[in-house]
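Here's a quick briefing to get you oriented. Take a look at the structure first, then come back for the tour.

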Amino acid sequence: APATMPSVAAAARNTRAITRPIIYPMEAVEHYLASLGLAFERHEHPPVATVAEAEHYWGAIDALHAKNLFLRNQKGTRHFLVVLAFTRRGDLAALGQHFGEKKLGFASPERLMAHLGLTPGSVSPFGLLNDPERRVTVAIDVAIRDAVRVAFHPNVNTATLVLSGPDFQRYLAAVGHQVHWI
């Protein structure tokens, strides 16, 4: 069974309105990881919204970094969080085939807020904490599964959290989303 959410994150997802606020997202992520007994390091940096911007600050962070795509099907009835090693190309046609969808596209900022409680530039697997109903389908690069250390934004784009690969898998098991390894 998924671990109990920290009270801050629970408060942040009490309302399902698209404009719901996310209260202390980084602190909620850190609290949740600590409640699971998972070790992590926090690296703060200026706001970054893309891999190209973030690479400038990754030099001192020894971990596999990711790019995170929040996608939707053509009808807007299914949503997908796709997490890839930052060097891997996001092939939307291949991803669509993998999920049995004719076409995938990037979801709007409003859909991102409604489904993961996040804003553009802050997307990461930690946004799954804001999807307790497990409405979002998750696909993660096998390179991330096999990495010794992995790095993601903690639901804000002004910091990066690093944890071990096995601890990241423990986090995924705790949030309870089925993961499609790609």
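A pocket here is an open set of grid points where a 1.4 Å probe fits, with protein on both sides within 12 Å along at least five of seven lines, and its lining residues have an atom within 4 Å of a point. With that in hand: the largest pocket is lined by 26 residues, and A49, T50, N68, G121 and V123 are the ones nearest its centre. Keep in mind that this is a predicted model.

**The big picture**

- The protein chain folds into 7 helices and 8 strands.
- Of its 182 residues, 49% count as buried.
- Take the contacts between residues at least 6 apart in sequence: 65% of them join residues at least 24 apart.

**How confident is the model?**

- The mean pLDDT of the protein chain is 87, and 87% of the residues reach 70 or more.
- Residues 1–24 are another story, with pLDDT staying under 50 throughout.
- For that stretch, the model has 43 contacts beyond four places in sequence.

**The largest pocket**

- About 450 Å³ of space lies in this pocket.
- Two or more lining residues come from each of α3 (51–54), β2, α5 and β6.
- Which element gives the most to the lining? That's β2, with 6 residues.

**N68, close to the pocket's centre**

- N68 sits in strand β2 and is one of the residues nearest the centre of the largest pocket.
- Is N68 buried or exposed? Its relative accessible area is 19%, and buried means under 20%, so N68 counts as buried.
- A polar atom of the N68 side chain lies 3.1 Å from the backbone oxygen of V123, and V123 is another of the residues nearest the pocket's centre.
- Leaving aside neighbours within four places in sequence, N68 is in contact with L81, V82, V83, V123, S124, P125 and F152.

**The nonpolar cores**

- The largest nonpolar core has 31 residues, and F168 and Y171 have the most contacts inside it.
- At least two residues of this core come from each of α2 (25–35), β2 (64–73), β3 (79–85), α5 (109–116), β5 (136–140), β6 (149–152), β7 (159–164) and α7 (165–175).
- The largest share is from α7, which supplies 5 residues.
- What does F168 touch, leaving aside its neighbours within four places in sequence? F168 is in contact with P125, I140, I144, V150, F152 and L163.

**Helix α2 and what follows**

- Within α2, the buried residues are P25, M26, A28, V29, E30, Y32 and L33.
- Just after α2, G37 takes a positive phi of about 75°.

**D141, a buried loop residue**

- D141 is found in the loop between β5 and α6 (142–145).
- Why does D141 count as buried? Its relative accessible area is 4%, and the cut-off for buried is under 20%, so D141 qualifies.
- The side chain of D141 makes a polar contact with the side chain of R88, at 3.2 Å.
- Not counting residues up to four places away in sequence, D141 touches V83, L84, A85, R88, W181 and I182.

Terms used:
Residues numbered from 1 in each chain as written. Predicted model: local features only at pLDDT ≥ 70, side-chain atom pairs only at ≥ 80, totals over all residues. Heavy atoms only, no water. Core = buried A, V, L, I, M, F, W, Y, C linked by side-chain atoms within 4.5 Å. Buried < 20%, exposed > 50% of the residue type's maximum accessible area, 1.4 Å probe, protein only. Helix = DSSP H or I, 4+ residues; strand = E, 2+ residues; numbered from the N terminus. Contact = heavy atoms within 4.5 Å. Polar contact = N/O pair within 3.5 Å; in protein donor to acceptor, adjacent residues only side chain to side chain. pLDDT = per-residue confidence, 0-100. 1 Å grid on protein atoms, 1.4 Å probe; cavity = no way out; pocket = protein on both sides within 12 Å on 5 of 7 lines; lining within 4 Å. Points joined across faces, edges and corners; volume = space filled by probe spheres on them.
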